[in-house]
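Q: I'm new to this one. Can you put it up and walk me through a few places in it?

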Amino acid sequence: MTLKIAFLASPAPVAQAARTELIERYGDCLPEEADVIVALGGDGFMLRTLHATAELSVPVYGMNRGTIGFLMNEYDEDDLKARLTEAEEEIINPLAMTAMDRQGQMHKALAINEVSLLRAGPQAAKLKISVDGRLRLAELVCDGAMLSTPAGSTAYNYSAHGPILPIGADVLALTAIAAFRPRRWRGALLPKTAKVRFDVLEPEKRPVMADADSASIPDIDWVEIRSEPRIRHRILFDPGHGLEERLISEQFT
């Protein structure tokens, strides 16, 4: 059986040049007609590709033609069809964010890596945190906070000193960004089924924005976040270089 491949590339010249070369060698088709999608770029482009193709249920194989490539395989034009056939699949469920802004408008977005709340003014944010309808932290004074998936735990979450989560773990990481009060609060590990709510305190004085994989909502009043098991992102990795191995290796660098 002929493997039908759709090649997608970021606007970067190196990614566009790679797409041209690969199409000449392996052909091309529309994503909705493909057996597999090959994304050429960095992690940011990989996230955009996964979001754009979520309804197709087609696996995505990334090759690094960008700056960061945690979700990508090494770039190589040779034996691509064999690599795709032998690739190992990981399933990732995104986070579903519902946010209400201070004008009363509702916003919805999905995040494969994390949903983050960030201060949008000169003063620290004040957040109230509830989990499954139960108040857990009456006041967190901070630059922000985030809820991360295992796949996103090595990204912004790790930079904010959050934990790296094994890809198969049914947990989410709740991490503070530059916490001031409680000063040494290290965040929490929550069940994947948890619904997390952030309420912004003193929003006029301390405005906050919400961000879901770069989809930004300004001037928010509250945000609710939960995992969305009905959406299954299929990502392909070369054998021995899957997310599980990358998550472990990242902790020893």
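Q: OK, where is R83 found?

A: R83 is found in helix α3, residues 80-86. Helices here are DSSP runs of H or I with at least four residues, strands are runs of E with at least two, and both are numbered from the N terminus. This is a predicted model, in which local features need pLDDT of at least 70 and side-chain atom pairs count only at pLDDT 80 or more, while totals for chains, interfaces and linings use all residues. Residues are numbered from 1 along each chain as its sequence is written, and side-chain values use heavy atoms, with hydrogens and water left out.

Q: Is R83 buried or exposed?

A: R83 counts as buried because its relative accessibility is 15%. Buried means under 20% relative accessible area, exposed over 50%, and partly exposed in between, with a 1.4 Å probe and protein chains only.

Q: Which residues does R83 touch?

A: Leaving out residues up to four places away in sequence, R83 touches Y61, M63, N73, E74, Y75, D76, D78 and D238. Touching means contact, with heavy atoms within 4.5 Å.

Q: Which side chain does the R83 side chain make a polar contact with?

A: That of Y61, at 2.7 Å. A polar contact is a pair of N or O atoms within 3.5 Å; within protein, one must be able to donate a hydrogen and the other to accept it, and residues adjacent in sequence count only if both atoms are side-chain atoms.

Q: Switching to α1. Which residues are buried there?

A: In α1, A15, A18, L22 and Y26 are buried. They lie on the same side of α1, because they cover an arc of only 60° around the axis. The arc is that of the directions from the helix axis to the C-beta atoms.

Q: And what is exposed on the other side?

A: P13 and E24 are exposed on the other side of α1.

Q: What covers the buried residues of α1?

A: The cover includes β1 (5-9), β2 (36-41), β3 (60-64) and α3.

Q: What follows α1?

A: G27 does, and its phi is positive, near 80°.

Q: New topic. Where does S214 lie?

A: S214 lies in the loop between β14 (208-212) and β15 (215-217).

Q: Buried or exposed, that S214?

A: S214 counts as exposed, because its relative accessibility is 67%.

Q: How far apart are the C-alpha atoms of S214 and I5?

A: They are separated by 28 Å, and the two residues are 209 residues apart along the chain.
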